[in-house]
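Dear colleague,

Please find below the structure that I am handing over to you. My notes on what was found in it follow directly after.

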Amino acid sequence: AAEIEEAPQPRDPFYASPYLPLDRWEYPILDYWVSSGLITSLSPMVKPWRRMDIARALQALDEDRLGGGERDWLVRLRQAFAPELSLLASSGRQNVNLSLELAAGAQYASQTHRDPLRPELEGEFSDSELMEDIRIEADGAAGPVAGAFRLRRHGIYLNDAQYPDGRVVPKLDNPFGGEMSVRVEEGYLELQSRYARIGFGSMYRNWGLPNQHGFLRSDYAYSQEEVSYRVGTDRIYLIGMFASYGDYGADTTHYVAIHRLEVRPIDNLLVSVSESSVHGGPGQSLDWKLVNPVGIWQIARTDGDPPYNKLGQVDVWWQTGLGFNLYGSLLADATNENESCCQMGGSLGLEVPRLAPGLLLRANFSALQSLVYTPNNIEVNRVWERYTVEQIGIGWDKADLYLLSLEAEWFPRAGLWLRPKLDVQVRGAFDIRDDRPPPEALPGWPRILVGDAETTFRPALEGKWRSAWRFPLEVDWDLGVNFIFDYANVAGDDRTEFVGSVAVRLLTPRWNFGLN
């Protein structure tokens, strides 16, 4: 027993770890270092990242390559991940670790559609709102298990313009009067090993290109309960999830499965293939062939038993070595019959990550055809197919548009991140929640835009500031002016409106508790 106890620990032990939530202040600078090639162990397109994996990336970072205010950012990150860095440095045995963080603040929004390029300028959601923002966050790890619980109260849950009556959470009476806008944002347990993970619960995920919501899996959509998994190494892995989502508008069930195979043969090249399938309907049970993670070939089939929607996607991210990165995504909706295959979507982007230390320039162009995500058989699919909205968001919640984004990211000093940007969006009249009209009703179908296009120019400044105080103060903002032509696809209705939001939060330190 003494010999076993004195045996040296592995030089590179694996530790279970919770994930860093996607809305945290650490992501912008970490994303910047991934784009710059200073961090090569984290995927630029699959998030969130485990806290322990971020700590390993910080441990391996070449500090001599940093400039400007980046070294001060690194100091703050090392403080934020001190428990993980300490454990990695000692290569010791992992104890039970728990962490707790509280926050309270408010957000002021000019209107309550969360997408500033789709503002509500008329009606009940067009008024400015001051909304509370209160958070309780706990996470931890014990042996091979990691987990987290994030409870949040926010006024947006009663004022989201994309939900019936603006209500994300159900209406509940409470002893204090009024309504409680409270939601469990994340709550999961995950069993982790070096080459495999399986999780249960809800978590925000984004499988998208740099600074974009993912087409098939997006952090714009509200989190839902699911079963998730990941198998493989940092170089090649299969990641996915499946869930059963209830349709609150009808007595039906949606079975959702999303799988992604990501391959990184060299540090500066990443290629992935993804697929998503949704099936369901009255009395429909789960079909294993559509949930099976090795059944990616199903995306190419036209099989009506059970009826289901299937989408396929290819993503590429390439650091050229010439001072700029190229990336792109191609999406195909393979549900179509009647010789209409296929409705398409995609993005192309270019970024120059180190024009100067702490400065990045980026250009993105996206197009999504008007009929992607919608059913090919209205009579069979009209009820269960509406899975991208109506309380069951999954992927990028846009359709029928062209979108060009020009932006810069600047990290002038530790805790301050600025992103000036210009968005140009051309959006057709098709509503993603509508049933697909018959082909004869849309001459020239399929095409990108339907009806009179709405065109929006939006110059804006987005940013975040976080103090270095023991009880940090955070300020987030996205402030812009929308120049809108043919608002709501009505010819001649031109608008110029301020559209934006500012959020202020006071946080506690991240309290860490270790148990032997």
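Predicted model: local features only at pLDDT ≥ 70, side-chain atom pairs only at ≥ 80, totals over all residues.

Helix α5 spans residues 82-90, and its buried residues are Glu84, Leu85, Leu87 and Leu88. Viewed down the axis of α5, these buried residues fall within an arc of 160°, so they line one face of the helix. In general, an α-helix has 3.6 residues a turn, so residues three or four places apart point the same way. After α5 comes serine 91, which has a positive phi, near 50°.

**Histidine 154**

Histidine 154 counts as buried because its relative accessibility is 2%, and the cut-off for buried is under 20%. The side chain of histidine 154 reaches the backbone nitrogen of isoleucine 156 at 3.0 Å. Leaving aside residues up to four places away in sequence, histidine 154 touches Gln107, Met131, Glu132, Asp133 and Ser181.

**The chain as a whole**

The chain contains seven helices and 19 strands. Of its 516 residues, 55% are buried. Among contacts between residues at least 6 apart in sequence, 65% join residues at least 24 apart. The accessible surface of the chain comes to about 22,300 Å², and carbon and sulfur atoms account for 59% of this surface.

Yours sincerely

Definitions and conventions:
Residues numbered from 1 in each chain as written. Heavy atoms only, no water. Buried < 20%, exposed > 50% of the residue type's maximum accessible area, 1.4 Å probe, protein only. Polar contact = N/O pair within 3.5 Å; in protein donor to acceptor, adjacent residues only side chain to side chain. Contact = heavy atoms within 4.5 Å. Helix = DSSP H or I, 4+ residues; strand = E, 2+ residues; numbered from the N terminus. Arc of directions from axis to C-beta. Areas by Shrake-Rupley, 256 points an atom, 1.4 Å probe, with all protein chains shown as cover.
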